[in-house]
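This report walks through a two-chain model. It moves from overall architecture to single residues.

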Amino acid sequence: MSDTINVTLEVWRQPGAKAQGRFERYEMNGVSTHASFLEMLDGLNEKLINEGKEPIAFEHDCREGICGSCGFVINGQAHGPDRGTTVCQLHMRRFKSGTHLVLEPWRAKAFPVVRDLMVDRTSFDKIQAAGGYNGVNVGNAPDANAILVGKEAAGEAFDAAACIGCGACVAACKNASAMLFTSAKVGHFAMLPQGQPERYRRVARMFDEMEAQGFGACSWTQECEAACPKGISVKWISRGKRDYLKAKLVKDSGQSSDDGFAG
Amino acid sequence: MVLDSKTPTGPLETRWTSHKGHIQLIGPINKRKYHVIVVGTGLAGASAASTLAELGYRVTVVTFHDSPRRAHSVAAQGGINAAKNYQNDGDSVFRLFYDTIKGGDFRARESNVYRLAEVSANIIDQAVAQGVPFAREYGGTLANRTFGGVLVSRTFYARGQTGQQLLYGAVAGLMRQVDTGQVKLLPFKDMLDVITVDGEARGIVMRDLLDGKIEALTGDAVVLATGGYSNAFFLSTNAMKSNVTATWRAHKKGAFFANPCFTQIHPTCIPVHGDLQSKLTLMSESLRNDGRVWVPRKKDDKRAPNDIPDADRYYYLEEKYPTFGNMVPRDVASRNAKYVCDQGMGVGASGYAVYLDFRDAIARLGRQAISAKYGNLFEMYEKIAGEDPYKVPMRIYPAPHYTMGGLWVDYDLMSNMPGLFVLGEANFSDHGANRLGASALMQGLADGYFVIPYTIGPYLSARGPGKGITNDHPEAKKAVQDAVDKTKRLLSLNGKRSVDSFHRAVGMKMLDKCGMSRSAAGLTETIAFIREQRAEFWENVSIIPKDGDTANQELEKAHRVADFLEFNELMCQDALARNESCGGHFREEYQTPEGEAQRDDENYCHVAAWEHRGVGEAPTLHKEPLTFEAVKLSQRSYK
């Protein structure tokens, strides 16, 4: 149980948003293979502090792969080499001793670097605040079983709603597009009967806001799906784009009741 | 002083309706004249902020995250209770109320718990309307499952990510109000203090986590929805940033802290792997529906689990509690796991783990059915533990998970400090000495959607609009200066030890002496240790970088750990003062001959609300007696 490995790290260090960044090299020896990747970085930071050096800043919180706080690029891959895994759920048993690891922050115009591996992703919430909800006040809801939703439709809506907003899709995209994030939000609501009244208005506003926030356009390389720790499918992008087109073509887009999406 | 809970009188079933019906209303034109500050964007904070905004109040929401969606409610797995009786199995508001009171070992207020059970059904309706994708049957109706401590199926769920989906529903509602301009959302802001004027809450002091600026935010009322303090133990299932700072600093300004020693140690978590361990991961209690808990009957049995025949397996929960079996409440399940491990029957490298075995359920229902129910949990286990739970039993051990204690609040969820309201896990109100599974999400959302929107009214209308202070008020300026000075002092320390090293040292001691089992001697020893570490912290902590005006994660942590180093002492003092065992508070000196918690209703049937007297000074205890009219106090039995 006491397996340990040695790794070499090259980490992007940048003291502030406007400051010049550079790579720094660190050796970590005797890392337990049962430790998570972030626990390995904790160990490195503890070592740096004890040497009077500045620890590496990185975002993290739940360390269960659900809050979406963590994320950086390891050897060119967002969240590292394992599919469907946030960096906090990546474990050191995945690596051989002597591995060379290059760590960089998400790089996108809409995600400015805050410090080291930490970026500012508040632009995602600007997109959600542009209609990413069902407009229903507390006190108005009918009995929950009055709205029937088939098991498959509910399951599919869940698949889209599982997006944790970590930003890996943006980091993996050569255009730094937020199309997977935005389409997943749009698709979740569009799958459900409760989401129909605002369906076209929502997609039009959210897609336009995405562009306004400085994210790039989608050119369908599908890197986003490969990088997504929650396995969100690019099918949501196809569906979202179809709805967006309809929203822009139909004159009274807010009132359209077309249900082709859910079918 | 006498603590007035302001609980309505009359029949239990009509108290909430009658209370709501007589609340002073504020007209729509006047609501916009009030500014309410909400701290925290978990289930309680997000739901409160959006609902208050829907009513017309001006709301500012503060979170230390970059996004409200990251609040730790997101990590709740199993489900949310509601007395819908959709399964036709005899559930009712009274039954949910009774289960919750009994589950809490008769240390919660009847009126609050009844109200919680009453509004539970509305929460499900609201969540569905928002688009929360709960699990469904093929016919399109909602699905349910069973949780610990109950005999009905009343738990609604969204795979193993119920908290995530409920939070996203609440956050979507919040973003809608941001969209309309009724809510101002301030991310990356850490609350460092409450601003009080003549003993009433008038605002908060917050530090910007990107540029370090410390400033005041003033308003007509402050709502704290800042979660629990399980990270007092260093290792817990809470997120790394979860902390006690907001409630503790409110406490130091005069708000009473109630039942701090009532903490929950969740029975099914992945065991510790080694020295780098930074947190513990919970495996949903729902797994106990199909998983069977056991250890080898023989001590130090080193055989692989699948090589141990049934005759040599000790299914200790099923044997000791035939009625509830593996579904006993959390405190009972945790204590029994510790007991068998202390007896030398534990498994794994450390000997501090028990098996949670799905072999029989897979044989009975098939791998596919188990995967459909728990797929993501099994995947998560495999990622962390490196073993396939479809083939070998999970190894689990209890871990700190939830804190029932919190700031004292009355029936209107207002603390003893006028103008300071406290919701969700941050208050003490509904779970007594032990919380039942799937009740935390219920309480957070009940408080936010259905209680505070009504109960904040009387306070505001009694004060009248336009009575808020500005940032130039001397009290606001003083509170800001105090926070600036404290930050400077932290940065000026040129010590040798990391912030984490203090957190770890004190937390692990707490886990050992103030965790699943406690004794007067252990608690006394721990108080001395905390004091020693606290003194050293203020001389020997090292915070790098030294800049206060940029993102500085070590400085953030230092503020939080400094507060844990004070708060933990109060937790021990509360545990020491409560000379009985109840729920999650197990004092070794007070147990039944069978080793169950032995309550002392004659002397301890009360809420212990502590008043701050200065760091290191003995706090003053105020007791709110608990009276039971609808239920009869009894020794809990799950046999």
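How many helices and strands does the secondary structure of chain B come to? The count is 18 helices and 19 strands. Helices (H or I, at least four residues) and strands (E, at least two) are DSSP runs, numbered from the N terminus.

## Basis of the model

This is a predicted model: local features need pLDDT of at least 70, side-chain atom pairs count only at pLDDT 80 or more, and totals for chains, interfaces and linings use all residues. Residues are numbered from 1 along each chain as its sequence is written, while chains are lettered from A and ligands numbered from 1 in the order in which they are written.

## Chain B overall

Along the principal axes, the C-alpha atoms of chain B fill a box of roughly 75 × 60 × 50 Å.

Of the 639 residues in chain B, 61% are buried. A residue is buried if 20 or more other C-beta atoms lie within 10 Å of its own, exposed if 12 or fewer, and partly exposed in between; C-beta atoms are placed from the backbone. Take the contacts in chain B between residues at least 6 apart in sequence: 75% of them join residues at least 24 apart. Two residues are in contact if their C-beta atoms, placed from the backbone, lie within 7 Å.

## Interface between the chains

The interface puts 62 residues of chain B in contact with 69 residues of chain A. On the chain B side, the elements that give two or more residues are helix 3 (43-55), helix 5 (110-130), helix 6 (162-180), helix 11 (367-385) and helix 17 (553-577). Helix 6 of chain B gives the most, with 9 residues.

By class, this side of chain B has 25 nonpolar, 22 polar and 15 charged residues. Ala, Val, Leu, Ile, Met, Phe, Trp, Tyr, Cys and Pro count as nonpolar, Asp, Glu, Lys and Arg as charged, and the others, Gly among them, as polar.

## Domains

Domain bounds come from an automatic or database domain assignment. Chain A is divided into domain 1 (4-115) and domain 2 (121-255). The C-alpha centres of these two domains of chain A are 30 Å apart. Their contact takes 17 residues from domain 1 of chain A and 17 residues from domain 2 of chain A. The domain 1 side has 8 nonpolar, 7 polar and 2 charged residues.

In chain B, the assignment gives domain 1 (268-400) and domain 2 (474-604). Their C-alpha centres lie 31 Å apart. The contact takes 7 residues from domain 1 of chain B and 8 residues from domain 2 of chain B. On the domain 1 side, helix 9 and strand 15 of chain B each give two or more residues. Helix 9 of chain B gives the most, with 5 residues. The residues of that side divide into 3 nonpolar, 1 polar and 3 charged.

## Helix 9 of chain B

Helix 9 of chain B covers residues 330-342. Its 13 residues reach 18 Å from first C-alpha to last, close to the 18 Å expected at 1.5 Å a residue. The expected span is 1.5 Å times one less than the number of residues.

Is helix 9 of chain B mostly covered or mostly uncovered? Mostly covered: 11 of its 13 residues are buried. Among them are Arg330(B), Asp331(B), Arg335(B) and Lys338(B). The cover includes strand 11 (263-269), strand 12 (292-296), helix 8 (316-320), strand 14 (354-357) and strand 15 (394-403) of chain B. Just after the helix, Gly344(B) takes a positive phi of about 90 degrees.

## Strand pairing

Strand 10 (residues 257-258) of chain B runs antiparallel to strand 18 (residues 606-611) of chain B, joined by 2 bridges. Strands pair if DSSP finds at least two bridges between them. Ala258(B) has Ala609(B) as its bridge partner. Strand 18 of chain B also pairs with strand 19 (residues 620-625) of chain B, in the antiparallel sense over 6 bridges. There, Glu611(B) partners Thr620(B).

## Backbone exceptions

Most residues other than glycine have a negative phi, and most peptide bonds are trans. Ile544(B) and Pro545(B) are joined by a cis peptide bond, with omega about 0 degrees. Pro545(B) lies in the loop between helix 16 (520-540) and helix 17 of chain B.

Asp116(A) is not a glycine, yet has a positive phi of about 45 degrees. Asp116(A) sits in the loop between strand 6 (113-115) and strand 7 (118-119) of chain A. Asp116(A) counts as buried because it has 26 C-beta neighbours inside 10 Å. Ala438(B) has a positive phi near 70 degrees. Its loop lies between strand 17 (420-422) and helix 12 (440-455) of chain B. With 27 C-beta neighbours inside 10 Å, Ala438(B) counts as buried.
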